[in-house]
Structure formats: structure tokens, C-alpha cells
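Please look over the sequence and the model first, and then follow the sections below.

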Amino acid sequence: MIDFGLLEYLKVAIYWAGFLYFPAAVALGWAIAKGRGAVRTIAALILAPLTVLAYARFVEPRILTVREHDLALSRCMAADGSARVAVFSDTHIGLFGNAMPVARIARRVNALDADFVMIAGDFTYWLAPEKFADAFAALEDIAAPVYAVMGNHDVGLPGPDVGAPLTEMLAGAGVAVLDDSVAAIAGGALEIVGLSDLWAEDQKLSLLENRGAAPRLVLTHNPATIRTLLPRQSVDLMVAGHTHGGQINLPVITCAFFPSMCRLTLGGLAETERGPVFVTTGTGMVILPMRFNAAPRIDVIDLSYKACAPALD
């Protein structure tokens, strides 16, 4: 059981208050149909923004999209190769009942024929550990190998720190949690380095030193991690989440509120001095139970890389 603070009760109240749209829409629709002059105009001016908010509350959070990306690594490797990687993050199961169900995500992932799956953290949002098994059981149904890291909400930044029981539950469902550890993929053809959450301030960045001849994918939650790396810690590709694509993505306005995220990217691929970063925009919500112009998404990265040319005699 988790004790909510006053702010969390307010968020839940906003969630339930959204249902007031329906009687309000009936009343305003009647005023538009039957009213005259100013009454009709005022009713229309009120109904229009309320309908946009209702769409963000009831419709867009339930639209699960898939976007595919072709990505060729710039560094040459020991051999040619490719991989099809499904990526998602920020499920934020817990406080808001309209978060995208993990079972729907798992079914869609299985239809994508991925070689492996990467989950970039923030599984929970004020979810009690005794509910983990039901909330995330469907991850066990994913056919491809699944690798994950914790996000800031999973480790108590903010909220309760549920990292340990969540890691245990995910391991039981066949998910390899890679916080500050390395996994070899396809017999060593690739490797994934998992980094713990940036805000926890305990990332083992030494894992990024001494790259070998195989592609190194770095999985972490916060894409701002790339800005903390030293030159010897550059990566072939970093995969992250955290941004939600803005969650409520309004041109100019969203980036005015979140300038640091927009300087890198709210979603998609960003080239940086330390290497490319791919940011998946997540499927769940925090603060407000809404998504707008940022529908829940699974990204598929069709990754390719080339062998180094043989040296000339």
C-alpha cells in the first residue's frame, strides 16, 4: 500500500473530473441547438476547448501508434549486421486508469517481428508493489528477449522507491533489468549497456569505456545522460525515454516550458558530440491524465552497421 500526498489526490480528482465533460457537452449542445445570439456563441466557445481537453483525456491516451526508423551506425564494426529493435517506455501504470495497458503494448510488440525489445524505464506512477504482477504480467508474453532499465519514478524521484520489488517482479516475467550492467546479444554480435537513472546520480559510466568491435547500444531512461559523458565514453547509439514527447505537445509553448528537453529532442533521433541518441516518446502520463499531439508510441529501429574496410597493403 502506498500513501498518497495531497498533490496525488488532486491529480486523481482531475482524472475523475474529466467525466464531467459528458453532461457539460449535453447541456452546451442543447444551448447551441436551442439558444439564440450570444447564448449560442458563448456555449460554442466553451464547448470547443472542452472538447479538445476531452480528446486529450479520453481518446489520444488510448491510441497506440507504431513508428519505424531506419538507422545506420556510423562506426564500422567487425562484421556487417542488422537488428530490428522494438522500443517503448514510460508506461506509468498506477495513478491514472487511462494509461495504455501493458497487455496492448505486448500484443503490438509481438506483431512487429523484433529481434529484441528495449524498455527505457518509468514503468510505474504511484503503483503499489502488490499490484506489479497484475500490471506487468503481459510482458512475459513478449516473444523476443526484453531488456529494461529503471526510470526516475521507479526509484523514488519523485514518489516511492519501488526499484527493488519491481526489478524482482520483472525478472520473474523474463525481463532482464540492466541498471549498470551489460548484456551480450546474438552471441556477442551486439551488446547493450544499461545505465541507471540519471537523477539517482549513481550511473556507472565506466561501463562505456573501451568499446569493442561489436555495436554498443546504451539503454537509459533520461536522454540528458548523453551530456554527462566524457570523450572516452562515447556510444554507438543511446536509447532513452523520459520526455513523453512533451505529453501535451503544443508548438512553441511546450518547448518554452521544457527547453532542456527540446534542445536535445522531444522524440526521435538526435545527433550529439558523444554519439546519436534515440528518444522514444512513451505510452503513459504523469501530472495530468492527458496526451495531446503525442499519442502513445512504440518505436521500431531497423538498425544496420557495416564492417570496416580491410587495410591496404
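## Terms and basis

Two strands are said to pair if DSSP finds at least two bridges between them. Helices (H or I, at least four residues) and strands (E, at least two) are DSSP runs, and they are numbered from the N terminus.

The model is a predicted one, in which local features need pLDDT of at least 70 and side-chain atom pairs count only at pLDDT 80 or more, while totals for chains, interfaces and linings use all residues. Residues are numbered from 1 along each chain as its sequence is written, and side-chain values use heavy atoms, with hydrogens and water left out.

## The sheet that holds β2

Six strands, in the order β1-β14-β2-β4-β6-β7, make up an open sheet with mixed pairing. Its edges are taken by β1 (65-72) and β7 (175-177), each of which has a single partner strand, so one side of each is left without a neighbour in the sheet. From one strand to the next the twist averages 25 degrees, where axes are lines fitted to C-alpha atoms (for helices over the stretch in contact) and angles run from 0 to 180 degrees between N-to-C directions.

Within this sheet, β2 is joined to β4 by four bridges, and the two run parallel; here Phe88 stands opposite Ile119 in β4. Seven bridges link β2 to β14, and these strands run antiparallel, with Ala83 opposite Leu303 in β14. Leu303 in β14 is also the bridge partner of Leu71, and β1 and β14 are joined by eight bridges in a parallel arrangement. As for cover, six of the eight residues of β2 are buried, so that the strand is mostly covered, where buried means under 20% relative accessible area, exposed over 50%, and partly exposed in between (1.4 Å probe, protein chains only).

## The nonpolar core

A nonpolar core is a set of buried Ala, Val, Leu, Ile, Met, Phe, Trp, Tyr and Cys residues joined through side-chain atoms within 4.5 Å. The largest one has 43 residues, and those with the most contacts inside it are Val117, Phe123, Phe136, Leu139 and Leu170. The elements that give two or more residues to this core are β2 (81-88), α4 (102-110), β4 (116-119), α5 (132-136), β6 (146-148), α6 (163-172) and β14 (297-305). Among these, α4 gives the most, with four residues.

## A further sheet

Another open sheet of six strands has the order β8-β9-β10-β11-β13-β12, again with mixed pairing. At its edges stand β8 (181-185) and β12 (268-272), each with a single partner strand, so one side of each is left without a neighbour in the sheet. The twist in this sheet averages 25 degrees from one strand to the next. Strand β9 (residues 190-194) pairs with strand β10 (residues 216-219) in the parallel sense over four bridges, and Gly194 stands opposite Leu219 in β10.

The C-alpha atoms of Ile14 and Asp154, which are 140 residues apart along the chain, are separated by 23 Å.

Together with Leu7, Leu10, Ile287 and Leu288, Ile14 forms a nonpolar patch on the surface, with about 430 Å² of accessible area in total. Patches are made of residues with over 30% relative accessible area and no salt bridge, like charges being joined within 9 Å and nonpolar side chains (Val, Leu, Ile, Met, Phe, Trp, Tyr) within 5 Å. A salt bridge is a side-chain nitrogen of Lys or Arg within 4 Å of a carboxyl oxygen of Asp or Glu, and accessible areas come from the Shrake-Rupley method with a 1.4 Å probe, where for residues only the protein chains shown count as cover.
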